[in-house]
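Let's take a walk through a two-chain model, one piece at a time. Keep the 3D view open and follow along.

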Amino acid sequence: MPSIRAMIPSQEARESIGLPNRWDVLVMPLVLALLFLAAWAMRQMSAPYSWGSPIAISLDPAYLPYYALRTTLRMVLAMACSLLFTFVYGSAAARSARAAVILIPLLDILQSVPILGFLSITVVGFIRLFKGSLLGPEAAAIFAIFTSQAWNMAFSFYNSLRMLPKNLYQVADVFHLSAWARFWKLEVPFAMPGLVWNTMMSASGGWFFVVASEAISVSGKTVMLPGVGSYIALAIQGRNLTAIGYAIVAMLVVIVLYDQLLFRPLIAWSDKFKFELSESEAVPNSIVLQALQRARFLRKLRAWLAAALLRWRPRRPRGWAERLGHPFRRATASGDRVWSSTVLVLSGVSLFALGHYIAHAVPVAEIGRVFLLGLATAARVFILIVLASLVWVPVGVWIGLRPRWTQKAQPIVLFLSAFPANLLFPLAVVAITTYHLNTEVWLSPLMILGTQWYILFNVISGAAAIPNDLKEAAANLGLRRLMVWRRLILPAIFPAYVTGGLTASGGAWNASVVSEIVSWGPTRLTATGLGAYIAQQTAAGDDARIALGICVMSLYVVIINRLVWNKLYRFAQSRLTLE
Amino acid sequence: MPDDSTPSLLELRGISKSFAAPDKGSLNVLQDISLALRPGEIVAVLGKSGCGKSTLLRIMCGLTRPSQGEVLYRGERVIGPAPGITMVFQTFGLFPWLTVLQNVELGLEAQGVAPAERRRRALEAIDMIGLDGFESAYPKELSGGMRQRVGFARALVVNPDILLMDEAFSALDVPTAESLRNDLLDLWIERLIPTRAIVMVSHNIEEALLLANRIFVFDSNPGRVKAELNIPLKYPRDRESPLFRQMVDRIYSIMTTAIVPNETDALRAGRIGIGYRLPSVTVAQMTGVLEEVNLPANEGRVELAELAASQQMEVDDLFPILEALELLDFCRVAGREVILARHGKAFVEADIRQRKVIFAEHLIKRVPLAGHIRRVLNERPAQTAPEQRFLRELEDYLSEEEAQRVFSVIIDWGRYAELFAYDYNAGILSTENPGEEVA
């Protein structure tokens, strides 16, 4: 029936006259609804607020979707800030060898600082900054999440820029791309896969901190921002197990949605930026991404945005590009020496000032005691990493060697690592008090509850990547089970394991601040350790002691990373990578 | 044939380039190069790898600044990437996240050409270079030849005055390179592109002879002009024609005369020092060539072209192998012929153990770096030395990368000769027999 067919515009005709397609019908309302929700929640965020006045939080589960929205919004904003930070910090470090001298070690240290430790300090600052508005505590919470994400994203970006093939820079130069165009056309796309992956990993760590940073108590006063974290804090105060259950379910839903609506599409999309010149077999896909890519109005919006982005030209592109320079240009040796000695002197002075401040307020004996507390926490972290490895390495290898299991297990493990383990802390308290268990021992597992999954996840991917011919060769040579482990499996998964172990250990240190002191209503369980010390000083609002605790903890983390993990990592890189 | 009546398009005046070497002085890559590019010609720069020809190309288009001398483009000094000069890269240099069309549009976009105009011109270029139908493909979906076509389309779409080709065909297989070369030549001869001059850098003699009006043969270490040849052959050139073969032979002999005849040991030691750029050649490759030359049918002498065919190689790829063999005094190149030397014959006719002995003897005697390493190891009480010791020494003569490469060559040869052992993990050289510590 040609007459009817002729009535329906063909695909091309619809494209040209701009009629919406069916994907538009599907996607447009969703996008609009999301925008509306975000705008509405933003207004709630900037409501008037005076320091100390209570914010009503209800344990009624009907409020949970709203709280979840607020929590998610914090997450999104923190991620946007992290991204901006990453672009600026990462490019600065890559472009100037001198900046890198400061920025890269600084990043290394910042990564080791316990985030929840200085929450109490930043919250005061932000409240002063946004006087009389809820934005103060909101900003503090967002900042806490930001600090849990930004560093490793910036690292990833910096490393990507360092790997960028030099001849692509030459292409950009030969065709006269401005520094701005080069950034968006070359540098960002090249860094995209690594950046998306790291953002996802950071976000999964971020849920832990969003929950921990919504209910902040500083010098006896407690701020409770509307959100899932505060809901839980309230449930803990009221010993309400049912409410905890609701919160866990709400969190599960939020994380699944976040993953499906944001990260799945992002990962599928970033696959096209992979710098490979042959097609890989397994291409990630996402229905949401398909819908987004097929919806006409979004396509138009995207084209318009891209054009607007690139249309902006610095007034003097040539001069600008010259000044910015290419990443990894060599600086002159003599200038470098002056610069690095200046940096050394400056950091020496600030270190001295900090030491002076702490030594002034805290007696030497206590400083010594804090170092011992650090040792206790270090021992805990060490033992737990060993235990977790003993459990998860065999499990991970078992899964990784079975491709079908691997496919199913990977998303589940990622999800487990995203789930904020602090939601489960109350259950541990209930168990410990009911069965009269030893607090020192039984509180310890809490710190690795959330981060052990990194070990499992990495071991699975390491085992899955063992080339088939190696497995066949091992079988062909008749290696016994023990030999297979010693000669093939353990060396092959080692690089991946080190990455997982490093992440898990860093996460455990961070978690110690909330896991060495856990309460359930009036019951409060404390384990001896540096984390508990920082938590106590935070509650007391003693800035010098908080600073001391943070410094000591950072020192421990930096030293352990340098002496243990970096060594293992380098060993793995030089000896055990499969080429 | 310097023709002063036509003004030059691009002129290099006394170009030298040296890279700063860590700690000590600098490394000369190019030395005092002057040449002028005239409208309407294709110029080829021919030389072995490491003669600085790619650096020269980057200096021409303003990507790299010369240490001395200046580049004039239409009478003006080039101080940054010059508009009007584009380049085709050996490894294509395509942005993998952009489609063919987007890649081709890149240069136009940077110039601020309006989208509609941009699209029209890009499609035209894609059409011209034979990429029709592939506009929406990503580079990873294309074969090497098609990728390089994108590289050409991207370079030509901006209507460049001068097109630079940096080993543009050497990453492609032979028939693919051939067809792309012919297509480019057609565009050039029929004046379908406004480009007024082409400079190509190559290590392939035939390729240069097929395309160029003028050929500069470069010497390496430091790179400098060894000979300039005008190629009066008409297009399309027939590689089987006597005149063509004659030109090929002539260039061969120019390129291989680096080996000085009847050189005394003292003179040789001066030329080949510790920092000599040993070619990246394996012992197996050397043995393969020697075995071919030693075949009864060949009687110890073989023509280069024939030898190349037997090894299934391009003639140019033989150069490093022959260089290594001459270095070890296993054979010698005279004109177009490879002649087996006495020691080469002894080597190739020996059994596996005996070969190692002969190789070791020649390595010590003829390659100063090998003798040096062995001497240092012998002098040390534990007979071991860290690799840094030698690497740092090499870096007095070579760039860090090049030092690394030369070092890995000498390790490979030294291991074969059992002159010394090398522990990769510890980075330590020793005289001990590998395997002893295991047992």
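## Two helices crossing

Here's a term to start with: a crossing of two helices is called left-handed if the near helix is turned anticlockwise from the far one by less than a right angle, and right-handed if it is turned clockwise. Keep in mind, too, that everything here comes from a predicted model.

Now look at chain A. The crossing of helix 5 and helix 7 of chain A is left-handed. Their axes come within 9 Å, and they cross at roughly 145°. Who does the touching? From helix 5 of chain A come Leu107(A), Leu110(A) and Gln111(A), while helix 7 of chain A brings Trp151(A), Asn152(A), Ala154(A) and Phe155(A). Sorted by class, the residues of this contact are five nonpolar, two polar and no charged.

## A hairpin in chain A

Next, find residues 517–520 of chain A, which make up strand 3, and residues 523–526, which make up strand 4. These two strands run antiparallel and are joined by four bridges. One of the pairs is Ile517(A) with Thr526(A). Together the strands form a hairpin with two residues between them, and Gly521(A) in the turn has a positive phi of about 60°.

## Where the chains meet

How many residues of chain B are in contact with chain A? The count is 22 residues of chain B, against 22 residues of chain A. On the chain B side, strand 6 and helix 2 are the elements that give two or more residues. Helix 2 of chain B provides the largest share, four residues. By class, this side of chain B divides into 13 nonpolar, seven polar and two charged residues.

Among the buried ones are Val100(B), Leu101(B), Asn103(B) and Val104(B). The buried residues of helix 2 pack against helix 9 of chain A, and also against strand 6, helix 3 and helix 4 of chain B.

## Strands in chain B

Strand 3 of chain B (residues 41–46) is mostly covered, with five of its six residues buried. This strand pairs in the parallel sense with strand 8 of chain B over six bridges, and Glu41(B) stands opposite Ala197(B) there. Strand 3 of chain B also pairs in the parallel sense with strand 9 of chain B, over four bridges. In that pairing, the bridge partner of Val43(B) is Arg214(B).

Elsewhere in chain B, three strands form an open antiparallel sheet in the order 11-13-12. Strands 11 and 12 of chain B stand at the edges with a single partner strand each, so one side of each has no neighbour in the sheet. From one strand to the next, the twist averages 20°. Strand 11 and strand 13 of chain B pair over three bridges, with Arg301(B) opposite Ile339(B).

## One loop residue

Last stop: Asp329(B), in the loop between helix 11 and strand 12 of chain B. Asp329(B) is partly exposed, with 15 other C-beta atoms within 10 Å. Leaving aside neighbours within four places in sequence, its contacts are Ala341(B), His343(B), His362(B) and Arg366(B). Asp329(B) and Ala341(B) are 12 residues apart along the chain, and their C-alpha atoms are separated by 6.8 Å.

Conventions
Residues numbered from 1 in each chain as written. Chains lettered and ligands numbered in written order. Predicted model: local features only at pLDDT ≥ 70, side-chain atom pairs only at ≥ 80, totals over all residues. Buried ≥ 20, exposed ≤ 12 C-beta atoms within 10 Å, placed from the backbone. Contact = placed C-beta atoms within 7 Å. Axes fitted to C-alpha atoms, helices over the stretch in contact; angles between N-to-C directions. Nonpolar A, V, L, I, M, F, W, Y, C, P; charged D, E, K, R; others polar. Pairing = 2+ DSSP bridges.
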